[in-house]
Amino acid sequence: MTAVTATLEPSALHAESAYSESSARRAADLFAQHQLAIHKRTDRMFAGLMAFQWIAGIVFAFWVSPLAWYGATSRTHVHVWAAIFLGGAICLFPAILGLLRPGETSTRYTIGIAQMLMGALLIHLTGGRIETHFHVFGSLAFLAVYRDWRVLIPATVVVALDHLLRGMFWPQSVYGVLVASQWRWLEHAAWVIFEDVVLIVTCRRSIAEMKEHAARTAALEQEVHAPPAGGERGGAVRASSRRRTRRSA
Amino acid sequence: MKRRWWLWALSIFWLTGVSSGLWVVGVRESSWPDAHAPQQWPAQSALTAATDRPTLVFLAHPQCTCTRASIQELAEILARATNHPKTYVVFLKPSSFNTGWERTDLWHSAAALPDVTVLSDDNGVEAQRFGVYTSGETLLYDRSGALIFSGGITGSRGHAGENAGEDALIDLLTRGTAATRGTSVFGCPLFASSES
């Protein structure tokens, strides 16, 4: 292994420093652009998902419990009204934010909270069926598409509070049983946190990779757009590149 | 800045509104009347009580979607009880509907249960004799004709799964004793308020 080095003069060192700063700024810009594009794209995806969940909830309510009977007369079941109006109230606001204010931090947080509230409604509409709790875990994975682990925090708080309060007052609504242990919400919250930990690690790694990718792209752009060899800056840059280069003898 | 203030206000209003909505739905679906069945087997009933084993009477509205969960729980109780009761499943049939109206999927589900007699209750006469006004209400009489359980066998409206009524009936039919002898009933009313 032989290191190829070159000695730099003060003016060349100054040029290299300026070059590094410029490259870092460009890398930061590229990273921010990429991150914003992901946030906007995911906000729009959730806007569509909110609409889909709203419709799915209504279809489900109409299919499972369309009517409540009172002897020989029937009325629309309260689940249908809940799916239409409560489901609409939960989904509409974040969907509008996702379309009108994509990429904003507040939009992501609102969507994260709404996604868990929709899970709470679906769990109720299905009578606390344990299978519907999968919606919570699926939603956390969907939220991780933002690659912003902070979105998972308010979503997790909403799930934990929902399970705590409904478990205290109407355990049948959330667990499908009339009597539930007062600590059962902790068991559910622990599973959510278990998934959160994996998703947070994944989000952070993904962000680190995006930053590395942005840095490489910025460096490549600098190389491509640098003045031809012989020019003061180009010479310094190439000297610097050579200094960093190691090659097999 | 002004825009952000409005956004915060709107977000808080939205969160408060939808949380309250979920709360109201929870309250509404958890408030149901307790059962009030006669303490002795009604003599005027067309149903015959068994004298060698307990008799279970399950009264239901054939169109009540919530009762589907109750039928599932009834199947669970009959499968797990060691002392199998004589079992009647009685479906309401208002006179304003044609014959066959009551033969829904609930009827067929009940008819598929082993050793269960499924009957049609014209105008809810039997339901009134047993003092039952909510679909899914389940009564258990011992061999002497004394009421030993009355109530629902689901945890809430349309919610299948472990619940106090199911546990009580299994205990009564297995060990002869239970922690509770009555539970709330979750189901459609068998009669409109003007009928009952």
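Predicted model: local features only at pLDDT ≥ 70, side-chain atom pairs only at ≥ 80, totals over all residues.

Residues are numbered from 1 along each chain as its sequence is written, chains are lettered from A and ligands numbered from 1 in the order in which they are written, and side-chain values use heavy atoms, with hydrogens and water left out.

**Confidence**

Colour the model by pLDDT (the predictor's confidence in each residue, from 0 to 100). Chain A averages 82, and 76% of its residues score at least 70. Select residues 1-6 of chain A, where the pLDDT is below 50. Residues 232-249 of chain A also stay under 50. Chain B averages 87, with 91% of its residues scoring at least 70. For the complex, the predictor gives an ipTM of 0.71 and a pTM of 0.69.

**Salt bridges**

A salt bridge is a side-chain nitrogen of Lys or Arg within 4 Å of a carboxyl oxygen of Asp or Glu. The whole structure holds ten of them over all chains. Select Arg26(A) and Glu221(A), whose side chains form a salt bridge at 2.6 Å, N to O. Arg26(A) lies in helix α1 (residues 10-64) of chain A and Glu221(A) in helix α7 (residues 184-225) of chain A, so the pair ties together parts that are 195 residues apart in sequence. Helices are DSSP runs (H or I, at least four residues), numbered from the N terminus.

Next, select Asp171(B) and Arg175(B), a salt bridge with its closest N and O atoms 3.4 Å apart. Arg175(B) is exposed, with a relative accessible area of 56%, whereas Asp171(B) is partly exposed at 23%. Here buried means under 20% relative accessible area, exposed over 50%, and partly exposed in between (1.4 Å probe, protein chains only).

**A buried charge**

Select Glu73(B), in helix α2 (residues 67-80) of chain B. Glu73(B) is buried yet has no salt bridge; Arg80(B), the nearest side chain of opposite charge, is 6.8 Å away. Lys and Arg count as positive and Asp and Glu as negative, while His and the chain ends are not counted.

**A nonpolar patch**

Finally, select Leu165(A), which lies in helix α5 of chain A. Leu165(A) belongs to a nonpolar surface patch of about 800 Å², whose members also include Trp149(A), Phe169(A) and Trp23(B). Such patches are made of residues with over 30% relative accessible area and no salt bridge, nonpolar side chains (Val, Leu, Ile, Met, Phe, Trp, Tyr) being joined within 5 Å and like charges within 9 Å. Helix α5(A) gives the most to this patch, with six residues.

Definitions and conventions
Areas by Shrake-Rupley, 256 points an atom, 1.4 Å probe, with all protein chains shown as cover. Helix = DSSP H or I, 4+ residues; strand = E, 2+ residues; numbered from the N terminus. Contact = heavy atoms within 4.5 Å.
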